[in-house]
Amino acid sequence: MTDQGGPAPRKGTAEKRQALLRGARTVFGREGYTRAGIDEIAAEAGVSTRTLYNHFGGKENLFREVLMDSAAKVTGGQVELIDRHLSKVTDIEADIRALAREWMRRRAEHASHMLLVRQIISEGPHLPADVIEEWQRTGPRAVTEAVRERFVELGAQGLLAVQESNSLEAARYFTLLTAGTVTVDTFFGVVPMPAAEVDARVESGVRVFLRLYATGNSR
């Protein structure tokens, strides 16, 4: 009921779809793909199971839509960070450190997505292969490609020892060295890690990365 005593307004089509995506992201992240039930997802979203089937046709397609929607949003945010910190570099060490720090400090914004990723890792063999491939393309590979492109530009400016031939390697090492150990040791955000420890690992990762790829102009 509304404050005026009339019936509560019904959710529109777009609103119901978004509610389903949010509800499914929560349930899939909590229960995993195999254990998640259609009734549970519909209840979490506050809609009927019929509405769920009308919008998505079933659990597999819903999972695909949730994962792609979530991955696209996370990728967009991370690419924005990469562009902001590396498009106009004045101090390569300071700017790479600033990127890595902000990247890790904002990881809490993507907590629900990280839970989905954790479920993908644990349930990989039970998930549709084409869904995993599409997620890789939309998410991790797209972010790595954004880093790679910026590193090639910095290499052309003489700020990194990166050329087209080793740019993918450099992008992968940067991600692994600055974010990889935190991601793994927190079990994709499930296990807390003190901010000071996160910062220390980022600092260490940046130092190692620059030992590998710094040039005389980097200092």
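The largest pocket of this predicted model has a volume of about 1100 Å³, a pocket being an open set of points on a 1 Å grid over the protein atoms alone where a 1.4 Å probe fits, with protein on both sides within 12 Å along at least five of seven lines. Of the 39 residues lining this pocket, Gln78, Met114, Thr175, Thr183 and Phe188 are the closest to its centre; lining residues have an atom within 4 Å of a point. Two or more lining residues come from each of α4 (59-86), α5 (92-105), α6 (111-123), α7 (129-138), α8 (140-156) and α9 (167-185), and α9 gives the largest share, nine residues. Helices are DSSP runs (H or I, at least four residues) numbered from the N terminus. By class, the lining comprises 22 nonpolar, twelve polar and five charged residues.

Local features need pLDDT of at least 70, and side-chain atom pairs count only at pLDDT 80 or more, whereas totals for linings use all residues. Residues are numbered from 1 along each chain, and side-chain values use heavy atoms, without hydrogens and water.

Eight aromatic pairs were counted, with ring centres within 6.5 Å as the criterion. Among them, Phe151 and Phe174 are edge-to-face (planes over 60 degrees apart), at 5.7 Å centre to centre and 85° between the planes. This pair links helix α8, which holds Phe151, to helix α9, which holds Phe174, across 23 residues of chain.

The axes of helix α1 (residues 13-35) and helix α3 (residues 49-56) come within 10 Å and cross at roughly 100°; the two are therefore roughly perpendicular (65 to 115 degrees).

Definitions and conventions. Axes fitted to C-alpha atoms, helices over the stretch in contact; angles between N-to-C directions. Parallel < 35°, antiparallel > 145°, perpendicular 65-115°, else oblique. Points joined across faces, edges and corners; volume = space filled by probe spheres on them. Nonpolar A, V, L, I, M, F, W, Y, C, P; charged D, E, K, R; others polar. Phe/Tyr/Trp six-rings, centres within 6.5 Å; stacked < 30°, edge-to-face > 60°.
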